[in-house]
Amino acid sequence: MEPLEIDDIDFYPCKCEYQICRFCWHRLRTDENGLCPACRQPYPENPVNFKPLSASDVQKIKSEKKQKQQQLRIKMSESRKHLSSYRVLQKNLVYVVGLSARVADPDILKKPEFFGKYGRILKVAVGSSASSNGPQSASCTAYVTYARYEDALRAIQAVNNAQLDGRIVKASLGTTKYCSSFLRSQPCHKPECMYLHDVADNEVSFTKDDMHLGRHAEYERKLIETTLLKDKAQRERVFLIANNRRKHS
């Protein structure tokens, strides 16, 4: 049930004191049967009890409402403070380290001969770190976002510790953190904000100590193993179906 508007707080159109807003009261009397939904008696011509609020009453109610909302925001902010120490694994996000400057380009990395071979890519963001030996030796990073998390895991399995454009690269699931506005219980006004605005599941949330102990890597390893087992089972099903067709052809 929607809360009443301030002007309807003291509006009781029926002697049974069943409360509705003035808009609904008018609609019932003009467009419907004109009966009170509670006692089923006809509504009188004038409301039984209605004392319009004064300007000071309205202002007081608004101030109290604003104060309650502020207290609620403070309470929510307090309950979210601990989330600032967590990093959350993104199952469909691959973080790649050690790329050469030549291939560290979103359009190149999306190609089928690179990360595009593992599944549909939604977004690629690249970065680089300066090197004292010149741009050719600069080590670049990339965040590759896949449409399906299974494709991201397959990419990690294939690319991690593999050679790409003459360099050994590392690949793992990317992490993110909570938006500072969300932690303060405030709306985020950044349309392209990359941080979290909802509380993530516990299984993908790790403190800095957890990550130092490698618990996030262990979770990632189990995800990859599960995906590989599913792939193996799928290949076996396809093989059996094809084999049965050959036998009956």
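Trainee: How many residues does α7 have, and how far does α7 reach from its first C-alpha to its last?

Mentor: This is a predicted model, and the span is computed from it. Helix α7 has 34 residues and reaches 50 Å from its first C-alpha to its last, close to the 50 Å expected at 1.5 Å a residue.

Trainee: Which residues of α7 are buried?

Mentor: Let us begin with the general idea. An α-helix has 3.6 residues a turn, so residues three or four places apart point the same way. In this structure, the buried residues of α7 are His216, Tyr219, Glu220, Leu223, Ile224, Thr227 and Asp231.

Trainee: What covers the buried residues of α7?

Mentor: The cover includes the strands β3, β7 and β8, together with the helices α4 and α6.

Trainee: Where is aspartate 210 placed, and what does its side chain make a polar contact with?

Mentor: Aspartate 210 is in helix α6, which runs over residues 208-212. Its side chain makes a polar contact of 2.6 Å with the side chain of arginine 215. Leaving aside residues up to four places away in sequence, aspartate 210 touches Arg215 and His216.

Trainee: Why does aspartate 210 count as buried?

Mentor: Buried means under 20% relative accessible area. Aspartate 210 counts as buried because its relative accessibility is 15%.

Trainee: How many residues has the largest nonpolar core, and which have the most contacts inside it?

Mentor: The largest nonpolar core has 39 residues, and those with the most contacts inside it are Val94, Val96, Leu99, Phe115, Val144, Tyr146 and Tyr178. At least two residues of this core come from each of β3, β4, β5, α4, β7, α5 and α7. Apart from this core lies another, of seven residues, among them Phe11, Trp25, Leu28 and Tyr43.

Trainee: Which residues does valine 144 touch?

Mentor: Not counting residues up to four places away in sequence, valine 144 touches Asn92, Leu93, Val94, Phe115, Ile121, Lys123 and Val124.

Trainee: How many disulfides does the structure hold?

Mentor: The structure holds zero disulfides. A disulfide requires two cysteine sulfur atoms within 2.5 Å. The closest cysteine sulfur to that of cysteine 179 is in cysteine 188, at 3.8 Å, and is therefore too far for a bond.

Trainee: Are cysteine 179 and cysteine 188 buried or partly exposed?

Mentor: Cysteine 179 is buried, with a relative accessible area of 3%, whereas cysteine 188 counts as partly exposed at 25%.

Trainee: Which residue in the loop between β1 and α1 has a positive phi although it is not a glycine?

Mentor: The residue is glutamate 17, with a phi of about 70°, and its place is in the loop between β1 and α1. Glutamate 17 is exposed, with a relative accessible area of 57%. Aspartate 165, also a residue other than glycine, has a positive phi near 55°. Aspartate 165 is found in the loop between β6 and β7, and is partly exposed, with a relative accessible area of 32%.

Note on methods: Residues numbered from 1 in each chain as written. Predicted model: local features only at pLDDT ≥ 70, side-chain atom pairs only at ≥ 80, totals over all residues. Heavy atoms only, no water. Core = buried A, V, L, I, M, F, W, Y, C linked by side-chain atoms within 4.5 Å. Buried < 20%, exposed > 50% of the residue type's maximum accessible area, 1.4 Å probe, protein only. Helix = DSSP H or I, 4+ residues; strand = E, 2+ residues; numbered from the N terminus. Contact = heavy atoms within 4.5 Å. Polar contact = N/O pair within 3.5 Å; in protein donor to acceptor, adjacent residues only side chain to side chain. Expected span 1.5 Å × (residues − 1).
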